[in-house]
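Okay, thanks everyone, let's get going.

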Amino acid sequence: MRYKIISWNVNGLRAAEKKGFLDWFFREKPFALCVQETKAIPEQLTDSLREPQGYHSYFKSAERRGYSGVGVYSKKKPLKVRYGLGVEDFDREGRVIVLEYEHFVLYNIYFPNGKMNRSRLQFKLDFYELFLEKLRGVLKERTRKAIIACGDFNTAHTEIDLARPEESSLISGFLPEERTLIDKLINMGMVDTFRVFSKEGGHYTWWNLLTAARRRNVGWRIDYFFIDKKSLPNLKNAFIIDE
């Protein structure tokens with residue numbers, strides 16, 4: 001069976017619904033759709049958004065209203081669903097859902113943004129390290145299933161992953177200590193799926209809305225799908241739906 005999985009930081013699920021989110025969703029018909037920055041608790045969602053026809057839905061919301069949050073829509077009911085990383089400071093922000101299926105485990109993650117101040121940057125770095133620690137343990141399991149980790153990583157990995165690397169070298173999202181964490185992820189045996197098929201720059205997933213950056217394609221690639229190296233033969237495609 002071929003699985004089509006999509007990840008999207010929707011920047012407000014209720015706002016996205018008003019812009020045709022569900023029409024797009026039913027046209028794409030993914031096996032699973034992972035959304036980040038939902039900015040809502042399930043009770044605030046319409047019935048159509050909370051339970052789309054033909055899909056099971058799972059949400060992890062932040063304690064703070066209108067902030068963060070992740071969700072997954074899945075055609076097939078997973079065997080298990082886990083919420084969070086097991087540390088309250090991180091989990092209260094609603095950043096992780098893990099779904100286990102027969103053949104693979106799917107992580108939907110919204111990594112923190114570190115631009116506000118040094119404290120939030122450290123929060124982001126600590127979140128990354130905990131995720132890597134958890135994943136490292138899973139990768140060591142002899143009988144483990146395939147691993148798919150997707151979401152908004154809030155970090156551009158290399159210079160071809162953003163339009164203006166020199167100007168951004170002192171900005172959170174492209175700091176050496178952040179980029180090193182993605183190096184660690186790859187060195188553990190995870191593969192950046194998009195880079196399997198595309199080696200050139202100019203492909204981004206985030207643009208600054210205040211500067212008309214999207215029209216000029218001055219962007220950052222901060223959203224990813226990683227899979228474990230052993231599962232690479234099963235990878236058929238990886239793409240960005242930038243329109």
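Predicted model: local features only at pLDDT ≥ 70, side-chain atom pairs only at ≥ 80, totals over all residues.

Residues are numbered from 1 along each chain as its sequence is written, and side-chain values use heavy atoms, with hydrogens and water left out.

Strands, then. Take S2, residues 32–36: five of its five residues are buried. By buried I mean under 20% relative accessible area; exposed is over 50%, and partly exposed is in between, with a 1.4 Å probe and protein chains only. As you know, side chains in a regular strand alternate between the two faces of the sheet. In S2 both faces are covered, with Ala32, Cys34 and Gln36 on one side and Leu33 and Val35 on the other.

Who are the neighbours of S2? Strands count as paired if DSSP finds at least two bridges between them. S1 and S2 run parallel, joined by five bridges, and Asn9 stands opposite Gln36. S2 also pairs with S4, residues 70–74, antiparallel this time and again over five bridges. There, Cys34 has Val72 as its bridge partner.

Now S6, residues 96–100, where five of five residues are buried. Val96, Val98 and Glu100 are on one side, Ile97 and Leu99 on the other, and both faces are covered. S5, residues 80–83, runs antiparallel to S6 with four bridges, and Val81 stands opposite Leu99. S6 and S7 are antiparallel too, joined by five bridges, and the hairpin between them goes through three residues. Glu100 has Val105 in S7 as its bridge partner. Hold on to Glu100, we'll come back to that residue.

Next, the rings. A search of the whole structure gives 25 aromatic pairs. The rule is that rings of Phe, Tyr and Trp (for Trp, the six-membered ring) pair if their centres lie within 6.5 Å; planes under 30 degrees apart are stacked, over 60 edge-to-face, and the rest tilted. Take Trp8 and Trp24: the centres are 4.9 Å apart and the planes at 70°, so that's edge-to-face. Trp8 is in strand S1 (residues 5–9) and Trp24 in helix H2 (residues 21–28), so the pair ties together parts 16 residues apart in sequence. Trp24 is buried at 15% relative accessible area, while Trp8 is partly exposed at 34%.

Another edge-to-face pair is Tyr107 with Phe131, centres 6.0 Å apart and planes at 75°. Tyr107 sits in S7 and Phe131 in helix H5 (residues 118–139), 24 residues apart. Both are buried, and both belong to one aromatic cluster, whose members include Phe127, Tyr128 and Phe153.

There are charges over rings as well, meaning NZ of Lys or CZ of Arg within 6 Å of the ring centre and within 35 degrees of the ring normal. Arg64 has its charged end over Tyr67, 4.2 Å from the ring centre, and Arg95 does that over Tyr110 at 4.8 Å.

On to salt bridges: a side-chain nitrogen of Lys or Arg within 4 Å of a carboxyl oxygen of Asp or Glu. The count is 16. So which residue does Glu100 bridge to? Lys145, with the closest N and O atoms 3.0 Å apart. Lys145 is in the loop between H5 and strand S8 (146–152), 45 residues from Glu100 in S6. Glu100 is buried at 16%, and Lys145 is partly exposed at 24%.

Glu129 in H5 and Lys184 in H6 tie together parts 55 residues apart, and their closest N and O atoms are 3.0 Å apart. Each of them is partly exposed, Glu129 at 33% and Lys184 at 33%.

Last stop, the surface. Val196, Phe197 and Leu232 form a nonpolar patch with about 220 Å² of accessible area together. Patches take residues with over 30% relative accessible area and no salt bridge, joining like charges within 9 Å and nonpolar side chains (Val, Leu, Ile, Met, Phe, Trp, Tyr) within 5 Å. The areas come from the Shrake-Rupley method with a 1.4 Å probe, and for residues only the protein chains shown count as cover. Leu232 is in the segment after strand S12 (223–228).

Key. Helix = DSSP H or I, 4+ residues; strand = E, 2+ residues; numbered from the N terminus.
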